[in-house]
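Reader: I am new to this structure and would like to learn how to read it step by step. Could you take me through it with care?

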Amino acid sequence: MSGDPLQDVVVTTKLDKVLGWARKYSLFQYPFVTACCGMEFMAVSGSHYDTDRFGAALPRFSPRQADLLMVVGTITHKQAPILKRVYDQMCDPKWVVAFGVCAPSGGFYQNYGSVPGIDCFLPVDMYIPGCPPRPETVIDALIKLQDRIQNERQAIV
Amino acid sequence: MEVSQLHTQLSAALGDKVLGREELTDREATVLAPSAWAEGVKLLVGLGFDVMIELGGADYSNYPEPKAAPLCVSAHFYSTASNARAWIKAYLPLEGAEIESLVPQFAAANWYERECYDMFGVQFKNHPYLKRLLLYDEFVGHPLRKDYPIMKSQPLIPMRSAVDYEAVAMKRRAEEGKA
């Protein structure tokens with residue numbers, strides 16, 4: 001027993017750390033699914049791979065209730081304004097994940113129709129490679145994203 | 001019905017409006033003059049071709065050599081009674097490409113023709129609703145034509161340009177060469 005009577009009852013930390021800890025385990029994702037990657041996304045968000053372990057299981061079907069935008073699939077120039085609007089409707093703090101090959105880079109659709117990566121108009125926090133990505137890759141990205149949320153400067157909103 | 005028979009019947013009915021026949025890998029197509037397009041399809045309907053399988057376009061501007069009427073519209077029909085298939089084609093010029101719509105004969109032609117208009121700029125006369133099917137209204141031009149720049153995109157919202165990885169790699173190689 002040390003001399004400090006508060007040692008066993010009080011934990012000191014920083015506000016950023018506490019908020020990060022709280023935020024990283026309650027990700028509400030909005031799946032913006034446009035293409036074949038959606039099948040893999042369904043697999044990973046089901047019970048078998050259990051993303052609830054990371055507090056990221058519940059998909060919200062309104063962007064106003066979500067803070068994690070999962071862009072799953074090819075984004076065309078026709079679709080881009082819609083995706084931008086969905087992103088703008090989400091409340092801060094919010095994060096964006098580009099899922100697959102087409103969302104991060106346009107994939108092999110290098111032509112008149114598709115956007116060569118959603119980072120052309122959105123800030124992307126995490127890229128998940130693969131065509132489509134393995135569920136393990138998605139879970140790995142989720143953990144990395146949580147790590148990032150834990151350690152980032154937290155916006156007080 | 002044999003395809004060669006079909007060709008003969010179309011030639012007999014349309015005379016010199018049948019421009020020829022084209023060998024495809026495992027079938028033959030009858031080439032019609034654009035003015036005989038709707039008439040030829042009416043004949044096919046009379047011969048029992050009751051299903052429209054497909055209608056599509058192609059731009060043969062530089063293949064195999066430059067030509068005056070490079071824009072090909074092709075259609076594919078099927079007869080449920082005789083289990084036969086028919087392919088017809090017509091070639092149009094790039095400027096003022098215009099052909100009769102097949103919607104009066106086949107409702108299935110509606111979206112095919114809209115797609116063909118969208119991608120190749122073929123005007124289908126008497127189409128009930130000739131509007132772009134896949135691209136947005138703000139899009140200028142017809143992207144599957146060979147004279148459309150292959151990398152040209154028309155964003156609707158402001159975007160930073162995509163990274164030209166080829167240029168980045170070349171610059172890096174040049175710098176490494178200097179060092």
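Reader: What percentage of the 157 residues of chain A count as buried?

Author: Please keep in mind that this is a predicted model. A residue counts as buried when its relative accessible area is under 20%, and in chain A 45% of the 157 residues count as buried. The accessible surface of chain A comes to about 8,500 Å², with 57% of that belonging to carbon and sulfur atoms.

Reader: How many helices and strands are there in chain A?

Author: Chain A has 5 helices and 4 strands, and when it is read along the sequence these follow the pattern α-β-α-β-α-β-α-β-α. The C-alpha trace of chain A spans about 70 × 35 × 25 Å along its principal axes.

Reader: How much area do chain A and chain B bury between them?

Author: The size of an interface is often given as the accessible area lost when the parts come together. Here chain A and chain B bury about 1,300 Å² between them, and 69% of it lies on carbon and sulfur atoms. On the side of chain A, the residues that lose the most area to chain B are A:His77, A:Lys78 and A:Tyr112, which together make up 52% of what that side buries.

Reader: Which side chains meet in a salt bridge?

Author: Between chain A and chain B the count is 1 salt bridge, in which the side chains of B:Arg160 and A:Asp119 meet at 3.3 Å, N to O. The residues on the side of chain A that touches chain B divide into 7 nonpolar, 3 polar and 3 charged.

Terms used:
Residues are numbered from 1 along each chain as its sequence is written. Chains are lettered from A and ligands numbered from 1 in the order in which they are written. This is a predicted model: local features need pLDDT of at least 70, side-chain atom pairs count only at pLDDT 80 or more; totals for chains, interfaces and linings use all residues. Side-chain values use heavy atoms; hydrogens and water are left out. Buried area is the accessible area (1.4 Å probe) that two parts lose on being put together, summed over both. A salt bridge is a side-chain nitrogen of Lys or Arg within 4 Å of a carboxyl oxygen of Asp or Glu. Ala, Val, Leu, Ile, Met, Phe, Trp, Tyr, Cys and Pro count as nonpolar, Asp, Glu, Lys and Arg as charged, and the others, Gly among them, as polar. Helices (H or I, at least four residues) and strands (E, at least two) are DSSP runs, numbered from the N terminus. Buried means under 20% relative accessible area, exposed over 50%, partly exposed in between (1.4 Å probe, protein chains only). Accessible areas come from the Shrake-Rupley method with a 1.4 Å probe; for residues, only the protein chains shown count as cover.
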